[in-house]
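Work through the exercises below with the model open. Each task is followed by a solution in steps.

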Protein chains: 2
Amino acid sequence: MNEPTDTRVAYDGEQFRVVVERWNGRDREIVKHPGSTAVVAIHDGSVVLVRQTREPARRQLIELPAGKVDDGEDALDAAKRELEEEVGLRGGRWRSLGTYFTSPGFLDEQMHLFLAEDLERGEQDLDDGEDVQIVRWPVDDVEQRLDELEDVKTVAALLLFLRAR
Amino acid sequence: MNEPTDTRVAYDGEQFRVVVERWNGRDREIVKHPGSTAVVAIHDGSVVLVRQTREPARRQLIELPAGKVDDGEDALDAAKRELEEEVGLRGGRWRSLGTYFTSPGFLDEQMHLFLAEDLERGEQDLDDGEDVQIVRWPVDDVEQRLDELEDVKTVAALLLFLRAR
């Protein structure tokens, strides 16, 4: 695919940038994001989820453990780092559940989904001010609890996991 | 949930805005978006999808017919409008497949997913410059073609559809 004929940075933030790109004589506003990871983490027969306040959503959401890929970081390394920091699980067997654009009409973020099984306890290490509550759903209950989810990566990844079982 | 103690508009665009909100003494950058709809549209035994160039993704993607909710518009009305404009299908029986945040760490966009069956032919009416190719997947082929998808709403909605069949 071609590149835009012109690019202007309209907002340069901490978490993302906004650029206005010129394509075929039209301006396209695009949010540029370094990409994210999320993990279907299985420990002791349960999927380990997190409940946290999401200010953009104005509510608490139940989600997979997830985080941003650091600049230059490999997605799998990022997912492993984030899983240990956020819920204190490490090791285990990992495989990809696919990589997906989260909202490709105006956002370049790619979400790398993983399944991690046979995890061991590590050291939880939350960022200052991070308010994360760990939620465990027995694997056999996941199917009937999907209605509690309001986060698209979490429902997609859990359905991909259930399909692959 | 509370509201932020301060809000500053950092970028005011055509498709979305960026605000910096102050929560508990911390700044949060949030992309504000009016919300979107996407439809699992069944016609003549096939799911009707669209292939289009997505500049943010730097490639063509296969996606559900989808669009933005206009200011003050009902989500179901928006989905019906968009489905007829984009692929020329109307009428039929509609139901919700749920509403999901697409990337709730920094984006307030909610994606309203619908299933529409028994659709009839209407009038396709693409926006000027919209380059949309219609793709039909027989319903029985969807399961084995999921690997062709790189868009999270499309994979989530098709898995929800297959689960509900």
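**Exercise 1.** How many salt bridges does the rule find across the interface of chain B and chain A?

Solution. In this predicted model, the count across the interface is eight salt bridges. One pair to inspect is Glu55(A) with Arg28(B), whose side chains meet at 3.3 Å, N to O. The cut-off is 4 Å between a Lys or Arg side-chain nitrogen and an Asp or Glu carboxyl oxygen, so the pair at 3.3 Å qualifies. Next, take the polar contacts: 18 residue pairs across the interface of chain B and chain A, both residues at pLDDT 80 or more.

**Exercise 2.** Which element gives the most to the side of chain B that touches chain A, and how do the residues of that side divide?

Solution. Start with the elements that give two or more residues: among them are β1 (6–12), β5 (46–54) and α3 (152–164) of chain B. The most comes from α3(B), with seven residues. By class, that side of chain B holds 25 nonpolar, 11 polar and 20 charged residues.

**Exercise 3.** What area do chain B and chain A bury between them, and which residues of chain B lose the most?

Solution. The buried area is about 4900 Å², with 62% on carbon and sulfur atoms. On the chain B side, Glu29(B), Pro56(B) and Arg58(B) lose the most, together 15% of what that side buries. The contact takes 56 residues from each of chain B and chain A.

**Exercise 4.** Which residues have the most contacts inside the largest nonpolar core?

Solution. The core has 56 residues, and the list reads Val40, Val47 and Leu158, in chain A and in chain B. Follow Val47(B): beyond four places in sequence, its contacts include Val40(B), Trp137(B), Leu158(B) and Phe161(B).

Definitions and conventions. Residues are numbered from 1 along each chain as its sequence is written. Chains are lettered from A and ligands numbered from 1 in the order in which they are written. This is a predicted model: local features need pLDDT of at least 70, side-chain atom pairs count only at pLDDT 80 or more; totals for chains, interfaces and linings use all residues. Side-chain values use heavy atoms; hydrogens and water are left out. Contact means heavy atoms within 4.5 Å. Buried area is the accessible area (1.4 Å probe) that two parts lose on being put together, summed over both. A polar contact is a pair of N or O atoms within 3.5 Å; within protein, one must be able to donate a hydrogen and the other to accept it, and residues adjacent in sequence count only if both atoms are side-chain atoms. Helices (H or I, at least four residues) and strands (E, at least two) are DSSP runs, numbered from the N terminus. Ala, Val, Leu, Ile, Met, Phe, Trp, Tyr, Cys and Pro count as nonpolar, Asp, Glu, Lys and Arg as charged, and the others, Gly among them, as polar. A nonpolar core is a set of buried Ala, Val, Leu, Ile, Met, Phe, Trp, Tyr and Cys residues joined through side-chain atoms within 4.5 Å. Buried means under 20% relative accessible area, exposed over 50%, partly exposed in between (1.4 Å probe, protein chains only).
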